[in-house]
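Welcome, and please open your viewer.

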Amino acid sequence: MHLAYPAVLSALLFCTGLYGVLARRNAILVLMSVELMLNAVNLNLVAFDVWLSKAAEEALHSGQALTLFTIAIAAAEIGIGLAIVLAVHRNRGTADIDKLRDTAEGHETDGPDSDAPAPETAGEKAEATA
């Protein structure tokens with residue numbers, strides 16, 4: 001098998017994962033997209049390991065060892081990520097990334113950028129009555 005087939009499939013998987021990370025608003029879907037990107041990297045590692053082992057006389061299989069390491073790290077990452085998402089969902093009631101970003105930065109929904117009129121200060125009330 002040529003190296004181009006798994007490389008193209010890996011590129012398609014990685015681009016799909018990248019689109020999911022950039023376009024999705026749900027934290028769980030973002031985590032799934034990161035997993036797609038990691039699987040694309042794993043496919044590339046194994047494909048290049050097989051391709052290089054045909055050229056070299058020694059078969060080190062370092063690509064396969066790195067793939068096992070990446071799978072272990074990805075499993076830990078998804079476990080911790082899901083635990084954080086579930087804890088945030090219980091506390092805030094949403095897994096929407098934009099809403100979580102707004103609450104973390106201290107923005108309120110009815111701030112100065114909203115359509116609601118701003119409350120008058122004491123100085124403005126005195127000027128209006130005079």
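In which helix do F48 and W51 both lie? Select them: both belong to α2, 3 residues apart, about one turn of the helix. (Helices here are DSSP runs of H or I with at least four residues, numbered from the N terminus.)

A word before we go on: this is a predicted model, where local features need pLDDT of at least 70 and side-chain atom pairs count only at pLDDT 80 or more, while totals for chains, interfaces and linings use all residues. Residues are numbered from 1 along each chain as its sequence is written, and side-chain values use heavy atoms, leaving out hydrogens and water.

Now show the rings of F48 and W51. Their centres are 6.0 Å apart and their planes at 85 degrees, so the pair is edge-to-face (centres within 6.5 Å, Trp by its six-membered ring; planes over 60 degrees apart). F48 is partly exposed at 34% relative accessible area, and W51 is partly exposed too, at 46% (partly exposed lies between buried, under 20%, and exposed, over 50%, with a 1.4 Å probe and protein chains only).

Next, select N26, in the loop between α1 (4-23) and α2 (27-55). N26 is partly exposed, at 32% relative accessibility.

Key. Helix = DSSP H or I, 4+ residues; strand = E, 2+ residues; numbered from the N terminus. Phe/Tyr/Trp six-rings, centres within 6.5 Å; stacked < 30°, edge-to-face > 60°.
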